[in-house]
Amino acid sequence: MRKALVIGNWKMNGRQDANEALLNALTSGYDNKLERVDVALCPPSVYLAQAQSLLQAGSIELGAQNVCADVEGAFTGEVSAGMLAEFGCRWVVIGHSERRSLYGETDAQVAEKAKRVLDAGMTPVVCVGETLEERESGLALQRVQSQLRAVLEEVPVEHLAELVVAYEPVWAIGTGLTATPEQAQEVHRALRDTLAAQQVELDEKVRILYGGSVNAANADALFAQPDIDGGLIGGASLKADDFLAICRAAAGES
Ligand code: PGA
């Protein structure tokens with residue numbers, strides 16, 4: 001059985017006072033039933049220390065939204081995997097579509113980042129997703145499978161089962177448009193086929209999250225799909241009640 005996983009991606013949102021209110025609301029609303037789910041938050045990296053100290057006694061874990069593909073040195077503006085690990089991150093989102101489309105990140109860079117994250121003892125959350133044009137041209141499955149293969153081919157075989165994959169259709173991110181549970185399930189199934197083709201039984205081990213306008217109202221139906229193991233949550237992760245409702249849906253408690 002794969003344990004459900006819900007990760008909040010704050011993107012470039014936050015302020016110290018608002019973060020504190022949100023983190024306190026999340027920790028006080030968190031109950032034992034959520035132990036059935038791995039729950040993590042990815043604040044902007046400058047707030048990791050604040051989040052680490054406010055979350056320290058609880059079960060909500062920390063992650064990062066991005067990482068440098070290099071280990072250390074003259075890379076102005078970048079943050080290394082070692083630094084993220086030092087501030088208590090367990091998860092690192094890599095290859096988010098905003099990184100790919102706005103900052104030109106390539107499949108090869110995403111694969112390098114996955115290796116740095118694993119080397120630092122953390123878990124890469126590898127994002128894949130098709131654009132609307134690709135979906136309308138019937139290329140969605142091909143697109144996401146090739147994005148995933150680019151990482152699978154580079155990660156050492158003994159670490160493959162540690163990966164987490166997040167399917168985030170680009171057209172559904174921040175748009176209020178969600179893939180239907182059936183559309184998402186079809187893609188998740190195809191991603192599992194790619195995992196199985198890489199290594200025997202890898203499809204059964206790797207968690208695949210859905211992301212793209214997940215909210216408290218649609219989470220249940222998405223998480224009820226057999227190949228959806230949880231969610232990567234953007235906008236709704238900034239509201240404690242909504243995020244907790246999504247976590248409860250992943251725990252089968254709503
Ligand atoms: P959204 O973002 O939930 O706001 O659509 C999801 C994501 O980009 O991870």
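**Reading the labels: salt bridges, burial and helix packing**

Q: Why is Asp119 called exposed?
A: Its relative accessibility is 61%, and exposed means over 50%, so Asp119 qualifies. Keep in mind that this is a predicted model.

Q: Where do Asp119 and Arg116 sit relative to each other in helix α5?
A: They are three residues apart in α5 (residues 107-119), so about one helical turn separates them. Elsewhere, salt bridges with shared partners tie Arg2, Arg189, Arg192, Asp193, Asp227 and Asp229 into one network.

Q: How many salt bridges does that rule give?
A: The count comes to 21.

Q: What makes Lys11 and Glu98 a salt bridge?
A: The N to O distance between their side chains is 2.9 Å, and the rule asks for within 4 Å, so they pass. This pair connects distant parts of the chain: Lys11 belongs to the loop between β1 (4-9) and α1 (16-29), while Glu98 is in helix α4 (residues 97-103), 87 residues apart.

Q: Why is Glu98 called partly exposed?
A: Glu98 has a relative accessible area of 26%. Buried needs under 20% and exposed needs over 50%, with partly exposed in between, so 26% lands in the middle class.

Q: How do you know that Asp38 and Arg207 pair up?
A: Their side chains meet at 2.9 Å, N to O; with a cut-off of within 4 Å, that makes a salt bridge. Here too the link is between distant parts of the chain, with Asp38 in strand β2 (residues 37-42) and Arg207 in strand β7 (residues 207-211), 169 residues apart.

Q: Are Asp38 and Arg207 buried or exposed?
A: Asp38 has 10% relative accessibility and Arg207 has 12%. The limit for buried is under 20%, so Asp38 is buried, and so is Arg207.

Q: Why are α1 and α2 called roughly parallel?
A: Their axes come within 10 Å and cross at roughly 30 degrees, α2 being residues 48-55. Angles under 35 degrees count as roughly parallel, so that is the name they get. Their crossing is right-handed.

Q: Which residues make the contact between α1 and α2?
A: From α1 come Gln16, Asn19, Glu20, Leu23, Asn24 and Thr27, and from α2 come Gln50, Ala51, Leu54 and Leu55. By class that is four nonpolar, five polar and one charged.

Q: What makes the α5 and α7 pair oblique?
A: α5 and helix α7 (residues 140-152) pack at about 45 degrees, with axes 8 Å apart. Roughly parallel needs an angle under 35 degrees and roughly perpendicular needs 65 to 115, so about 45 degrees falls to oblique. This crossing is right-handed. On the α5 side the contact involves Asp107, Val110, Ala111 and Ala114, and on the α7 side Arg143, Ser146, Gln147, Ala150 and Val151. Five of these residues are nonpolar, two polar and two charged.

Q: Which residues of helix α11 are buried, and what covers them?
A: In α11 (residues 240-250), Ala240, Phe243, Leu244, Ile246, Cys247, Ala249 and Ala250 are buried. Their cover includes β1, α1, β2, α10 (219-223) and β8 (230-233). Just past α11, Gly252 adopts a positive phi of about 75 degrees.

Definitions and conventions:
Residues numbered from 1 in each chain as written. Predicted model: local features only at pLDDT ≥ 70, side-chain atom pairs only at ≥ 80, totals over all residues. Heavy atoms only, no water. Helix = DSSP H or I, 4+ residues; strand = E, 2+ residues; numbered from the N terminus. Buried < 20%, exposed > 50% of the residue type's maximum accessible area, 1.4 Å probe, protein only. Axes fitted to C-alpha atoms, helices over the stretch in contact; angles between N-to-C directions. Parallel < 35°, antiparallel > 145°, perpendicular 65-115°, else oblique. Left-handed = near helix turned anticlockwise from the far one by under 90°. Contact = heavy atoms within 4.5 Å. Nonpolar A, V, L, I, M, F, W, Y, C, P; charged D, E, K, R; others polar.
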